[in-house]
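Subject: Structure for you to look at

Hello,

Here is the structure I promised you. Please open it first, then read my notes below.

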Amino acid sequence: MFVSEALKVNNRNHLEIGGCDCVDLVEQYGTPLYVMDEGLIRKNCRTYKNAMDKYYSGNGLVLFASKAFCTMAMCKIAEQEGLGLDVVSGGELYTALKAGFPMDKVYFHGNNKMIEELELAIDHNIRRIVVDNKEELHHINKIASEKGKIVNISFRIKPGIDAHTHDFVQTGQIDSKFGVALENGEAFDIYETASKLSNVKVVGVHCHIGSQIFDLAPFELAAKVMISFIAEVKEKLGIEIEELNLGGGFGIKYIPEHDPIEYDHYIESVSKVVKGLCEDKRIKLPFIVMEPGRSIVASAGITLYKIGAVKDIKDVRKYVSVDGGMCDNPRYALYQSPYDAVLANRPDAIKSEKVTIAGKCCESGDLLAKDLLMPEIKVGDVLAVLATGAYNYSMSSNYNRIPRPPVVLVKDSKSRVIVKREDFDDIVRNDIIPEDL
Ligand SMILES: *Cc1c(COP(=O)(O)O)cnc(C)c1O
């Protein structure tokens, strides 16, 4: 009935998640409210981890791409489920550190890492820095030499596969701010350069071909391209690359029309491709790393809002406004990402009219969904926007000086706050009025 298996209708005819009644949650915590189902997050982690064990003899590591939902509690869950962590900034690394996450399972990505961020990563002996460019390579070598360390690195490669949509094409991706390209020799070059530096050790290759991908084929093609590159580097430079990191990007069901592949199938099919190719090319089976973000947390999350203004513009459009918006979920405004929604206080009401769900920010583009088929909505209804667990809290802002909602984690009919609600004092916390003003 719902796009996410985390949800059901309870005997009070309310929406329920993790055994908690959404109307009760709203009474207890207020709105807007992010709710995350711990059981489904853990189940998703296990699906990936078990697939790595089953199809690749456990010779790999699944990382949670923390940017999808970076909080200390989430780091804890990832750790308990045996996942590693992918971070892309000092702030995400700091969150992991504060959560006590094991640093020997942390990978650091990003196309413009700051010196201080690199120092933080090297000081804490994280498992891998995924180097983006030559400049960064030299920075790392210098910092490592000053600290008397040898840093294990891999490089981000542009494999020339553009898979951001349903279709994918094998050209064009040279035009990306991330990584070094294969087709112009840039990738090969950087491995050669690195092989001559004394304070870095090249152990891996990495690629990440896009997000919300519903196909197996682009991942299989990426694996193929990368294995060929590993073989080339071995043959021409004598460097044995031990680790193949294929990134994330596995699609999830936001709306009923979306039809994602079971997550373990990615690992199954990629394992098969990698094993076959390595045999053909007579190279050692690499350690495989995968970095799912969205597919671990998106379906586990919902956002609850109260309906305020309802504006029916005759023959034009009906707007219903919620007490949040692009400040807690900028994805519609950014990419026109589709969402499904349901009334939490009467989830089985018959859908009878098309409405546009608007936020409270001072922007016409501040929408959460356009022309969504919904039951008749009344002021005071509780609206649940579904599958908001990824890139919602993590992309939230204080635009219009709106405090961020809290995040509540639910499991077995229990709810706990994992991120506190911001208040107006949080909003002005860093403001200063200079004395001479
Ligand atoms: C964003 C990102 C991911 C996660 O992507 P999802 O679409 O959330 O699975 C993984 N690896 C890298 C390098 C990324 O930038």
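The chain splits into domain 1 (7–37 + 299–422) and domain 2 (38–297). These bounds come from an automatic or database domain assignment. This is a predicted model, where local features need pLDDT of at least 70 and side-chain atom pairs count only at pLDDT 80 or more, while totals for chains, interfaces and linings use all residues. Residues are numbered from 1 along each chain as its sequence is written, and side-chain values use heavy atoms, with hydrogens and water left out.

**Between the domains**

The C-alpha centres of domain 1 and domain 2 are 33 Å apart. Domain 1 puts 22 residues into the contact, and domain 2 puts in 19 residues. Contact means heavy atoms within 4.5 Å. About 1,900 Å² is buried between domain 1 and domain 2, and carbon and sulfur atoms give 62% of that area. Buried area is the accessible area (1.4 Å probe) that two parts lose on being put together, summed over both.

How many salt bridges cross the interface of domain 1 and domain 2? The rule finds one. A salt bridge needs a side-chain nitrogen of Lys or Arg within 4 Å of a carboxyl oxygen of Asp or Glu. Glu-38 forms a salt bridge with Arg-416, and their closest N and O atoms are 2.8 Å apart.

Domain 1 and domain 2 also share 11 residue pairs in polar contact, both residues at pLDDT 80 or more. A polar contact is a pair of N or O atoms within 3.5 Å; within protein, one must be able to donate a hydrogen and the other to accept it, and residues adjacent in sequence count only if both atoms are side-chain atoms.

On the side of domain 1 that touches domain 2, β4 (33–37), β20 (407–411) and β21 (414–419) each supply at least two residues. The largest share, four residues, comes from β20. Strands (E, at least two residues) are DSSP runs, numbered from the N terminus.

**Around the ligand**

The ligand is surrounded by 15 residues (a heavy atom within 4 Å). The closest are Lys-67, Ser-211, Glu-291, Arg-294 and Tyr-391. A polar backbone atom of Arg-294 is 2.7 Å from an oxygen atom of the ligand. For Gly-293, a backbone N or O atom lies 3.0 Å from a ligand oxygen atom. Asp-86 has a polar side-chain atom 3.3 Å from a nitrogen atom of the ligand.

**Salt bridges overall**

The count by this rule is 26 salt bridges. One of them joins Glu-81 and Arg-42, with the closest N and O atoms 2.9 Å apart.

Best wishes
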